[in-house]
Each structure stands twice: as C-alpha cells, then as structure tokens.
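Take a look at the model first, then read on.

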2 protein chains.
Amino acid sequence: MFNTDAALDKAVRLFWQRGYDATSMADLVAETGVAAASLYAAFDNKAGLFAAVIERYAATFSVHLYAPINDPALSTFEAVKGLLERAASSFSEPGTPAGCFMYSAAAAVSPASAAIECLLRDKRIAAEALLIERLQRGAAQGELAANADPAVLGKFINTVMEGMSVQARDGATINELLSIAKMALDRWPAAV
Amino acid sequence: MFNTDAALDKAVRLFWQRGYDATSMADLVAETGVAAASLYAAFDNKAGLFAAVIERYAATFSVHLYAPINDPALSTFEAVKGLLERAASSFSEPGTPAGCFMYSAAAAVSPASAAIECLLRDKRIAAEALLIERLQRGAAQGELAANADPAVLGKFINTVMEGMSVQARDGATINELLSIAKMALDRWPAAV
DNA sequence: ACCGATAAAGAACGATCATTCAATAATCAA
DNA sequence: TTGATTATTGAATGATCGTTCTTTATCGGT
C-alpha cells in the first residue's frame, strides 16, 4: 500500500484549510499524489478518509496541545497556562493553517455531512471534558478557590481557546493570542 | 419583483446553518420558493446573494447584538456586559441556528470562495474595532484602570464571544453561556 | 382591449462532484 | 520463471453544482 500517514498528513492540511465540504476528492488526489481509487480502497469513502484525518490530527497535533493537561508534574494553573500558551503558538504557527482543525474543519456543513460534524463535535466535547476533569482533580487537591466551579472554569477556558482559533484565522499574531491567554488567566480562581 | 427581504430572511437561515459552500442554489430555491433565474436577476450570482444575506443579517441581528455598544446611556462596563449577555441569549436562541452567522457561515471555504471569506472577515474585524473604540472612549473618560489596554481588552471580549458561538453550536445552553460571559467580566479593570 | 416592458420560471448548459469499474503494474510464494 | 494475489490507476459513472437561455406570465400606460 501507499504511505497512508504521508497521505493523511497532506489531507490534514487540506481539510484544515478548506473544511470538509469545500475539499474535493480531486483536491485530495492532487495534493497527496494518490489516485482516487487507491484512497477509496484504503478509506472506503470521503467520510472514512476524513475520520482517519481526524485521528491523524489528534495524534500529531492535539496530543502536543493537550500535553500540559496530562503532565502530572505541573500544577493545575501551570497546566492550563501551558495549554493556552500552546494554543497561542500552534494556532498562529506559520507552517500550518491558522487556528485549530477541530474547531474549523466542519464548522458549518450540509445535512448530508451531519455525521461528519458530529465526529468533530464529539472530539471537542471530549477535549473539554478532559480539561474539566483536570480542573476537578486540582479542586480536590485544594488548588482552586472554594467557590470555584471546575465545570464552568473549564468551559470558560475552552471557550477562550475556541475564540483564539477564530482570531488566528482572522490573522491574529502569536503575541496578540498570548495577550488574550494572559487575560483569560487573570480570571484564575486561585485558592487563598 | 418578489419580496427580496423575505427571501433573504430564508437565505440567512440556510447560510447560517450550513455555511457558504455547503448551501446550494437548489437549497436556496427550495427554501425561498423563488426560481433560480429570479434570484440571479436580483443578486447576479451566489456570491452576490451571499453579500446581500450578510447585510440582511447585519441589519436584523447584528444591530440588536451590538446595540449596548452604541447606547450612550450605558457605562462602558454595562455596555460590554450587555453585549455578552445578548450574545449568550441570541447564540442559543431556539428560533435561529446556533451561534453567530458572522463567525460560522464561512469558517473554512475553498480558494474559489476566498472573496466570500474576506467579506465576513472584514465584518468581524470591523465589529471588533467598534468594540475597541467603545473601550477607548471609556478609558478616555476614566472608566478603566490606568494600566488597562483597550485594544487587548476588546480583543479578549471579542475572542470570548467567538468562542461562545462555537459553544452554542456544540449545544451549550443559555445558562452555560451566561456563566462564561460572567467569568469573562470578572476582574474587570475598573478605575480605582 | 391592447401593447411594450418587466418579472418569473422550466428546462437545459458545461463543469465538477463523489464514486466505481476495468485494466495494468507490482509483489511474492512456489 | 510462473501464477495467483494484491496494489494502483485512468477512464467512465450518474448526480449535483452554479449559471444561463428561452419561454411564459404579469403588469402599467394608453
């Protein structure tokens, strides 16, 4: 078989930039250099290819973005700070399309592609749940103010990240994104 | 001529939900009940129709959303609070597609539709500039802390709004959005 | 009632869409 | 080397895309 990972890397860029509906199989063939029939043999159809692209993005980009959340050596604040700072730099990284694939690749799709939208939505919700769990662990260890609600705080942090992705798509620089991240962290409910 | 505003209202919903590329002329014909040739006579082409849809959305929705920013009776804080609260309620309004049209209708499009993306981006950037101007006016009148940067604060508020739109698309309730808005308004840099 | 002008629509256009088929090239056990 | 299997592809599929052409209604002025 052809090098599926290399092809997926190319496909990730394309879907990232143009979104699901606006990326045609002809585009994917031109970008990957793999014939359409071969892509179908490997991934069944466009939706299957996109599902594989999601997993490839998660393995190569999301893992790095969310690394601070899973790093046991970091305090809860440091973990969230690391997450937002990585978002700022990766969303504005010149070598990749701006913003986050998970947020913009299927922002608005046709009813025929509703299943695709769900795939990404589930990933977004799972990532938010991961963040909230980390905050709950921090709260259990007394790192957060007593009146702080980890669920609301997590949703807030996640919302800022999602907004940062739109900002990056509109041309925000890494420094602007870092300023936004810093301001979000100003709201941090540290234990007294 | 047919009732263009009524047709545009229908078209707004369709583009709002599905985005530019995923909304076909056939969809628009079915939804508006106006024949394709008539739509072309009135708006030239799909891009022209979309441009008219943008203006229709701005006149019927954005105006209401940004009303607090232009209300001279409100303090700067009240204006921003009103903006975020209106975002929370309108983004989750059951009668309309979730989120904000300006943020999601052309989040990711094909290179052929790049001009469409620019149209919406310009609207987003103009709205952000409007918010920042309001904050600068507040700063000039001593409503903000001396070390507060209106440009950064405005970008932050705007980022939260953009994130709230993604949250709404993913099913966030009005109460969840209000909690997010409330957290964004915490530690407001009020003058001492 | 009639007529020129305007508005609306049905049917067709070539282009492109995702997908598949038939045929070729590469691989490997024997 | 041979033969069966697998991998790969160019070409063709019907469907749908945005767009336009031609024809049919509609309408205000005389």
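## Protein–DNA contacts

The surface near DNA strand C is made up of eight nonpolar, four polar and one charged residues. In this scheme Ala, Val, Leu, Ile, Met, Phe, Trp, Tyr, Cys and Pro count as nonpolar, Asp, Glu, Lys and Arg as charged, and the others, Gly among them, as polar. Please keep in mind that this is a predicted model, in which local features need pLDDT of at least 70 and side-chain atom pairs count only at pLDDT 80 or more, while totals for chains, interfaces and linings use all residues. Residues are numbered from 1 along each chain as its sequence is written, chains are lettered from A and ligands numbered from 1 in the order in which they are written, and side-chain values use heavy atoms, with hydrogens and water left out.

**Around DNA strand C**

- Sugar or phosphate accounts for 74% of the atoms of DNA strand C within 4 Å of the protein, and bases for the rest.
- The side chain of A:Y40 places an N or O atom 2.6 Å from a phosphate oxygen of DNA strand C, and for the side chain of A:S24 the distance is 3.5 Å; a polar contact is a pair of N or O atoms within 3.5 Å.
- From chain B, a polar backbone atom of B:F2 is 2.4 Å from a phosphate oxygen of DNA strand C.
- Two or more residues of this surface come from each of α2 (25–32) and α3 (36–43) of chain A and α3 (36–43) of chain B; helices are DSSP runs (H or I, at least four residues), numbered from the N terminus.

**Around DNA strand D**

- Of the atoms of DNA strand D within 4 Å of the protein, sugar or phosphate supplies 75% and bases the rest.
- Phosphate oxygens of DNA strand D lie 2.6 Å from a polar side-chain atom of B:Y40, 3.2 Å from one of A:S38 and 3.4 Å from one of B:S24.
- Here the elements giving two or more residues are α3 of chain A, with α2 (25–32) and α3 of chain B.

**UniProt record**

- An unreviewed UniProt entry lists residues 24–43 of chain A as "DNA-binding region"; such annotations may be inferred rather than shown by experiment.
- Over residues 24–43 of chain A, the chain is 80% helix and 0% strand, with the end C-alpha atoms 15 Å apart.

How values were computed. Near = heavy atom within 4 Å. Polar contact = N/O pair within 3.5 Å; in protein donor to acceptor, adjacent residues only side chain to side chain.
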